[in-house]
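I opened this entry to keep track of what I looked up, starting with the aromatic rings and ending with the charged pairs.

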Amino acid sequence: MTDLVTFGETMLRLSPPRGERLETAREFEVQAGGAESNVAVAAARLGRDAAWFSKLPDSPLGRRVVGELQSHGVTTDGVVWDDEHRQGLYYLEHGVAPRPTNVVYDRANAAVTTLETGEVDLDAVRDADVCYTSGITPALSETLHETTKAVLEAAQEAGTTTAFDLNYRTKLWTPDEAAAAYRDLFDAIDVLFAAQRDAETVLGRDGDAEAVARGLAADYDFETVVVTRGAEGSLALADSDVYEQGVYEAETHDAIGTGDAFVGGYLAKYLDGGNVAESLQWASATASFKRTIEGDVAVVTPEDIERVVADEGDGISR
């Protein structure tokens, strides 16, 4: 059995040296990055058995993705190889005031958009303790929406805990499109992660984080709702009990992947028998630690996170 199975798109990230523009750069740093694989990497590095599956081109670029994830301890046996489509890319130009950070996506005709339920190893999903994906996955194609729903339903029916992050992306779909897709999946989700801004923008949830969490739990019968609220920390609702966690101080080097590190830290501690409060602590500490690291993934160890929690207690912004 595997502790955690995640599935979704992973792209290759190409970044020019800091201070250079995309249009003039002569060299790029290449790294793998994707919400679901970032979560798998964080969980694996924090001691859990984590697997990730997707559909990739049978090419040097597809193999580059798999090799990088494997280097962090993530199992990739469920990857489906494709001979017809391409590897998604994105370009990241780091900015400093007044120049903003710029992201350019190049993901058209990516292999992952064609992943069908019949290609998925559902037995591996059913045997896992937790199955995780995010709102990016169903946004990529109608085929992936159908596959996402089928995978989550199969997992839940088998007793696997299903976890989902709204992860709303304005470049992928409108709030109305996202809301319809989310609601189609909610019956198959046990643990929901939601940025407060996404819950408001997409689902029309006003009020403070507790009101958002209680409303979502009441309407969709989630076991746990975790609401993130930026510098104000996070809040979780489970069994009608509310837990709050502050943000651990960090000097930000690269903020990309912070939310995925949060989810990975939470699930890693949850899978290790942690309660909701402990899982929130690890989520917050892992997210803050990630901000100090270049790239999409949280290159962390359990000792790193234990030290952050011990040094900072419950975090700031309680």
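How many aromatic pairs does the structure hold? I count 10 in this model, which is a predicted one.

**Entry 1, aromatic rings.** I looked up Phe186 and Tyr220 and found an edge-to-face pair, with 4.6 Å centre to centre and 65° between the planes. The two residues are 34 apart in the chain: Phe186 is in the loop between α6 (175-185) and β11, and Tyr220 is in helix α8 (residues 209-220). Phe186 counts as buried because its relative accessibility is 0%. Tyr220 has 19% relative accessibility and therefore also counts as buried, the cut-off being under 20%.

Next I took Tyr220 with Phe222. Their ring centres are 5.8 Å apart and the planes are at 40°, so I noted this pair as tilted. Both Tyr220 and Phe222 are buried. I then asked which residues form one aromatic cluster. The members are Phe164, Trp173, Tyr182, Phe186, Tyr220 and Phe222.

**Entry 2, the sheet.** I traced an open sheet of 8 strands with mixed pairing, in the order β4-β1-β9-β10-β11-β12-β13-β14. Its edge strands, β4 and β14, each pair on one side only. Direction ignored, neighbouring strands are turned by 15° against each other on average.

I found α1 lying across β1, β4 and β9 (130-134), at about 160° to β1. Helix α5 lies across β1, β4, β9 and β10 (161-165), and runs at about 160° to β9. Which residues of α5 are buried? I listed Leu144, His145, Thr147, Thr148, Val151, Leu152, Ala154 and Ala155. Just after α5, I noted a positive phi of about 95° at Gly159.

My search of the whole structure gave 20 salt bridges. I looked up three of them.

- Arg48 and Asp3 have their closest N and O atoms 3.3 Å apart. They link distant parts of the chain, 45 residues apart, with Arg48 in the loop between α1 (35-45) and β4 (50-53) and Asp3 in the segment before β1 (4-7). Both Arg48 and Asp3 are buried.
- Glu294 and Arg13 meet at 3.4 Å, N to O. Glu294 is in the loop between α10 (276-290) and α11 (302-312), and Arg13 is in strand β2 (residues 11-15), 281 residues apart. Glu294 counts as partly exposed because its relative accessibility is 25%, whereas Arg13, at 0%, counts as buried.
- Glu244 and Arg229 meet at 2.6 Å, N to O. Glu244 lies in strand β14 (residues 241-245) and Arg229 in the loop between β12 (224-228) and β13 (234-238), so the bridge ties together parts 15 residues apart in sequence. Glu244 is partly exposed at 36% relative accessible area, and Arg229 counts as buried at 17%.

Finally I looked for shared partners. Salt bridges join Arg13, Arg18, Asp254, Glu294 and Asp296 into one network.

Note on methods:
Residues numbered from 1 in each chain as written. Predicted model: local features only at pLDDT ≥ 70, side-chain atom pairs only at ≥ 80, totals over all residues. Heavy atoms only, no water. Salt bridge = Lys/Arg side-chain N within 4 Å of Asp/Glu carboxyl O. Helix = DSSP H or I, 4+ residues; strand = E, 2+ residues; numbered from the N terminus. Buried < 20%, exposed > 50% of the residue type's maximum accessible area, 1.4 Å probe, protein only. Pairing = 2+ DSSP bridges. Axes fitted to C-alpha atoms, helices over the stretch in contact; angles between N-to-C directions. Contact = heavy atoms within 4.5 Å. Phe/Tyr/Trp six-rings, centres within 6.5 Å; stacked < 30°, edge-to-face > 60°.
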